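Here are a few friendly notes to read alongside the model. Please keep the structure open as you go through the points.

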Amino acid sequence: MKGFEREDRLFSLCGLNCGLCPMQIGGYCPGCGGGEGNQSCAIARCSLERDRVEYCFQCGDYPCSRYEGVDEYDSFITHRNRKKDMLKAQEAGSAAYGREQAEKAEILRYLLEHYNDGRKKNFYCVAVNLLELEDIRNVMRQIAEQKKMRKESGKATEKLSEKERAAFAAELFRAAAAERGIELKLKKKPAKKK
């Protein structure tokens, strides 16, 4: 959107974790306020009209009617934690929340590079988005422990296939999500009946 620019490209104006989005990771979107390529956005337009607030929670009218049912369905990125994440950013401060998102983005890049069989990109994006950072760190510790155990047992030379590595990591994330009652798949809006 012309004239709409922001410094924070990891966390959007409306509460999406852009740094964990498959569209941004794939280079198809520069992130909220990233200039060229930004889609027209009613919330960005609203920000321009309201002293260019960096995050919606800074607006005196937040939460407005635009946030009714906002977490019900996902697009190419999960929308489920938007209100919760904005509250977290508001309470901890945007710099602290930004550091958490940067760590999550780094973990996501690692997973995509080392534990993706070509079919797990969206899965990891959803998992890293919806799980708390401590849960993600625990999964990464389990992955590192498994790698260490293979090395110590002399199986390091018997490399796991890409598919086996991806399945192992995905199962750890599913177990962590199950403990929290989280389903790791995008919730698509039902198609309208004709």
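1. In this predicted model, the side chains of Arg80 and Asp74 make a polar contact at 3.4 Å.

2. Where does Arg80 sit? You will find Arg80 in the loop between α2 and α3 (82–92). Because its relative accessibility is 15%, under the 20% cut-off, Arg80 counts as buried. Setting aside neighbours within four places in sequence, Arg80 is in contact with Asp71, Asp74, Val126, Leu130, Glu183, Lys185, Leu186 and Lys187.

3. Ser47 belongs to helix α2 (residues 42–49) and counts as buried, with 3% relative accessibility. A polar atom of the Ser47 side chain is 2.9 Å from the backbone oxygen of Val53. Not counting residues up to four places away in sequence, Ser47 touches Phe4, Leu13, Arg52 and Val53.

4. Now for a helix pair. Helix α4 (residues 94–114) packs with helix α6 (residues 133–152) at an angle of about 35 degrees, and their axes are 11 Å apart. The crossing of α4 and α6 is left-handed.

5. Which residues make the contact between α4 and α6? From α4 come Glu100, Glu103, Lys104, Ile107, Tyr110 and Leu111, while α6 brings Leu133, Ile136, Arg137, Met140, Ile143 and Lys147. Sorted by class, this contact of α4 with α6 has 7 nonpolar and 5 charged residues, with no polar ones.

Note on methods:
Residues numbered from 1 in each chain as written. Predicted model: local features only at pLDDT ≥ 70, side-chain atom pairs only at ≥ 80, totals over all residues. Heavy atoms only, no water. Axes fitted to C-alpha atoms, helices over the stretch in contact; angles between N-to-C directions. Helix = DSSP H or I, 4+ residues; strand = E, 2+ residues; numbered from the N terminus. Left-handed = near helix turned anticlockwise from the far one by under 90°. Contact = heavy atoms within 4.5 Å. Nonpolar A, V, L, I, M, F, W, Y, C, P; charged D, E, K, R; others polar. Buried < 20%, exposed > 50% of the residue type's maximum accessible area, 1.4 Å probe, protein only. Polar contact = N/O pair within 3.5 Å; in protein donor to acceptor, adjacent residues only side chain to side chain.
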